[in-house]
Each structure stands twice: as C-alpha cells, then as structure tokens.
Number of protein chains: 2
Amino acid sequence: MKHSYALAIHGGAGVVPRAHMGEALSERYHTALRGILERVSDLLSEGESSVAAVEAAVCALEDDPLFNAGRGAVFTAAGGQEMDAAIMDGRDRRAGAVGGLLGPRNPVQVARVLMEQDGPLFMIGAGALAVARRAGLPFESEDYFRTEERQRSLEAFLELQARGERSSDPSLLHGTVGAVALDKQGNLAAATSTGGFTGKQSGRIGDSPIIGAGTFADNATCAVSATGSGEVFIRWTAASEIAARMQHAGEPLEAAANHVVQTVLAPRDGSGGLIAVDREGNISMPFNCEGMYRGSIRSDRPAETHIYR
Amino acid sequence: MKHSYALAIHGGAGVVPRAHMGEALSERYHTALRGILERVSDLLSEGESSVAAVEAAVCALEDDPLFNAGRGAVFTAAGGQEMDAAIMDGRDRRAGAVGGLLGPRNPVQVARVLMEQDGPLFMIGAGALAVARRAGLPFESEDYFRTEERQRSLEAFLELQARGERSSDPSLLHGTVGAVALDKQGNLAAATSTGGFTGKQSGRIGDSPIIGAGTFADNATCAVSATGSGEVFIRWTAASEIAARMQHAGEPLEAAANHVVQTVLAPRDGSGGLIAVDREGNISMPFNCEGMYRGSIRSDRPAETHIYR
C-alpha cells in the first residue's frame, strides 16, 4: 500500500551510551525529535514538497544544540567549527552541498540555494559563505554555535589524545542530522547536515555533503541520509549503493538498506546507520552501533521516536 | 582473455575544437599522451602496482601545462587557481581526495598521502596543505602553475561574461586529467586531477575528488576516471553507476560505461566522457562531446592515442 506522505529524521548515530543516558536527557531527545516530526509532517499533510520538508526538518535539528549540526556543532582539533551539509531533490536529482562552513545559521539552507541555482553544486569555505551572503541567508556569531558541552567534549578528546588514547564514546566519534521525505505528489528528497566529529582535523570533509555517500534522492528508488564513520561511507558509496541494489537487483528498500549497513559497512569499520524512504512510503532506519537518534511519521500513523534498539 | 596489465589515461573532454586545432598542437598532445603511456606501462610491466601507475600518470599530466591540472590549471573567476584531485585503490576501496588546493606541485600526491593514512579521506584548503607539508611533498610558487594561455582563456571568459554571453568552447568549459590501471597482480586503481573550468567560482568543487562521481575503483568491477560537466556527473554518480550496472545487472564494462555516458549523462547536459578498465584488462573510453584527449596501452598491444572520434 502506498502512503500519501512519509517523513523520517535522524540526529546521528553518535548517541550518548545507554549507561550514561539519564532519563531527563533521554526525554529531551525524544521530545525534540517528536516536535520536529509533528511540525514537519503538518507541512507534508498540507501538500508541501518533500524538499521543503527535509529542509525544514534539518533546519530545526541544526537549531537545536542537542544535535551535532549548526548550533551545537562539535569542535575541530583546532577548536573551531566546520560544518558540511547537502540536500537533494528526487524529481531530477538536482542537489546542493557545502563543506567547511562557519557563519550561516543553517548550513542546509546554503546547500538549498546552490541546488536552486544553475551553477556550482558543491562549494566550500569562503566561496560558500559568499553564496549565502548574496542569497541573504541569516548569519550568526561564533558564540551562537558554541556550547559548553561541545567544548568539554573537545577537552576530553584532547586529553585522551595527549595520552595516546582514543575515545570509544560514539557521541564523540560521530553525530549528524538528516531527513528524508515522500510528499503527496510522490516526490522524494533528502538532506543531511553535520559538524563532523569532535577533534577532526581542520579541512576534513565527511560523507554528509557527498552525493551518493551521505545524501541521496531519486524518485526512481529512494531518499537516504546517513550518519557514521564518514570515510567508510564515502568509500562504499553507502547511499547510492542502496539505490543501485533497488534499481539493478530489484531489492526492496528494507533489504537494500539493511544489506548496506549490516553487510557492506559493518564488517569494514563502517559504524553508523541511515534513514531511507521509498516512493511507497516504506521507511527503513538501520544502524549497526549502539543507537541512532531517529523517528518517523507517516500519513497512516503518528510520530514514533527511538534512540537505542 | 585476461591481459596482464592495462593502462588508460585522459587529458580531459575539454578539447580544442577541431576547427582550431593545428597540426603542431595536435602533435604535442599525441606526443605527451604517448610518452606518459609508454613510461607508465614500463612500471606496470616491471610489476609496479596500479596505484603507483595511476599516480605516476596523473603526476606527469599535472606537470604538463598542456593539460588542465597542476601546472597549467585554469583560472577561477577571481583569477586564482584551485585544484581538486582523488585516487582510489580497487583492492579495498581505500581512497584519498583533496579540493581547493594551490601549492603542492602534484595535487594527486596529496590525495595519495590521505589514502595511505588512517584518517580523513577528503580534505580541503589549508587543512589539505598542512597534510602535504607534513608529508614533505614538493610545493611550487604561484608562478609555476600559471600559464599565459590560461590567463588569456580567463580574459576571454570574462569578456564574454561582461556581454552576458557564455562560451561554447569546450576547452574553456572543462578539462581534467586522469588514469585507470590494471596491474599484474590483478588490482585496479583510478586517479583524477583538475583545475576545474575557466571562470569557475572560487570554492567550487567538481566531480573529480568525489568518490563515485569522478573517481572510482573496486577490483570487483572497474576503475573509472571521468571528465565533463562535473555537477551532472555528481548528481548521477557517474563512476559508481558503471560499477553498479556491472555488479548488480551483470553488464560488461563497455555496455555499462557507454550507457552511463550516452544514455544517463548526455540527455541531461552531462557533456564529457570517462576512461574505465576492468579486471580482464578491457578498456572503455566513451565520450559524448567533440573529443577527449585519451590513450591506452596494454600488455598485448602498443600505445594508441586519440583526440576526436
């Protein structure tokens, strides 16, 4: 059965380990995810496009300092913040992507501007900032994006590094936000945004802005937004491999998404997960680590949110 | 029949239009391509790896100001040079990529350093330069990279732009270099390097450093290096789509590569071409525009080079 609209969002596979997750913090995550699902599904219910829906969902996740994107992005080893984002329209596979940004309140909006223009698809650094300024997008001061908690995470990371150790805390290792949607017109879209991982080298670009790795949408198959060990997701073209399995091997979404996450990525240190939706409104949210902040809503059922298995 | 080694190289689909190509200039292109094919196939014949071969071939193409990569890279609208490159190893799909670089003599070598390290796969700007410096790679002054011919191309581009026109000269629109190889151990590799296109916006990243778009290698399928309208190649994940058609639809290399270039890219303004090799040593070099500087050599036959159809 085809559902008239569907929406899934994620707040990253870098969850706070269950042992450290208090009830109050857990509730804050569930409340944030549920609020976004409900607001954005209202847009879809009113007939808004999947592109507008995923942009709105990712903007809300970027604005919430709980999640590693926009406000509350993690710090690089040098103590800065560098954000990557992408958006893709399943109707014609138009896309926009940015990397290494600090300034625009919502990096995904800069990606959207690039998608709507007939010019560069992917822009980095000062060039991307110039695009955002010309488009009149809101900018924020460095203080707006920085939170004490991310500062403490960097300090913890640097202390471990000085002792020659690495953290195994997934909330340090990765974190990303994303959304995928099917709208009433039958069109798919995906968007992803991230600050990367705590202590990343300045200049490192992850999988989020790479079309086919962290972000992908094509009406012929599916829309995907990923979160995890970005380098491994890039090498295995995680998002477009799901589409390829659907298109060329005839696999359904769930089988293709599970195969990529559990059989392709997991054995190769590709820790993480992804959210995906197809044209029938089927939603898949596989992950191969302790948890993934995630939720979904569909025309036939209310919002549900999850953190762990 | 399986061939013991194979090598293909390209100098971009942005060829000088046939009407403007004099015999002396044509001969320079053929001589440059042939020299590189012969030198690098000697490496393969001696048992060198496909990764070493594609790196050596792309370094030679970067060093030659005839081609738009490294020395002789085209100018951005702002009069600068910003280079992108990537390399990928088909054995385990490890990869390295850089974007927005000026300084290292051979951008592909910076990508190789990233591939060999257990860290970021894709780095941009100052962060990528720091990696190159730590690795002790040779740097060159801005003068080294600039040529009078590229300067004139930018002037011509800006004049047209000021009149609200666009050039249709493919040698302004795109240009890239790349190599794909099969070595005697049966391993595939690919590398790509570019200055982008004349008059590009500062900060624009094309398909060359995007794994799955402009560069791809997997022993299970093929190695690919692309050249063309980068944005379209990114949207349609040009390189990995060839691999997907081979793996999931059972298509041979030639059919898959032709399909992507002629049926997927061409109708969508995806002007350009690519070179590809599979594990049997089959070589495919399709393009959908006037020409592509290209050549190949294999254990069973001498070098051949071509510019037009």
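Two strands pair if DSSP finds at least two bridges between them. Strands (E, at least two residues) and helices (H or I, at least four) are DSSP runs, numbered from the N terminus. In this predicted model, local features need pLDDT of at least 70, side-chain atom pairs count only at pLDDT 80 or more, and totals for chains, interfaces and linings use all residues. Residues are numbered from 1 along each chain as its sequence is written, chains are lettered from A and ligands numbered from 1 in the order in which they are written, and side-chain values use heavy atoms, without hydrogens and water.

**Strand 9 of chain B**

- B:S225 stands opposite B:I275 in strand 10 of chain B.
- Strand 9 (residues 222-228) and strand 10 (residues 272-278) of chain B run antiparallel, joined by seven bridges.
- Strand 8 (residues 215-217) of chain B also pairs with strand 9 of chain B, antiparallel over three bridges.
- There, B:F216 faces B:V224.
- A hairpin of four residues links strand 8 of chain B to strand 9 of chain B.
- Seven of the seven residues in strand 9 of chain B are buried (under 20% relative accessible area; exposed is over 50%, partly exposed in between, with a 1.4 Å probe and protein chains only).
- B:C222, B:V224, B:A226 and B:G228 point one way, B:A223, B:S225 and B:T227 the other.

- An open sheet with mixed pairing has the order 13(A)-12(A)-1(A)-5(A)-6(A)-2(A)-3(A)-4(A)-7(B).
- Its edges are strand 13 (301-308) of chain A and strand 7 (204-205) of chain B, each pairing on one side only.
- Strand 12 (residues 291-298) of chain A runs antiparallel to strand 13 of chain A, over five bridges.
- A:S296 has A:E304 in strand 13 of chain A as its bridge partner.

**Helices 9 and 10 of chain A**

- Helix 9 (residues 238-249) and helix 10 (residues 253-265) of chain A pack at about 135°, with axes 9 Å apart.
- Axes are lines fitted to C-alpha atoms, for helices over the stretch in contact, and angles run from 0 to 180 degrees between N-to-C directions.
- That angle makes helix 9 of chain A oblique to helix 10 of chain A (under 35 degrees is roughly parallel, over 145 roughly antiparallel, 65 to 115 roughly perpendicular, the rest oblique).

**A:D143**

- A:D143 sits in helix 5 (residues 142-145) of chain A.
- A:D143 is exposed, at 64% relative accessible area.
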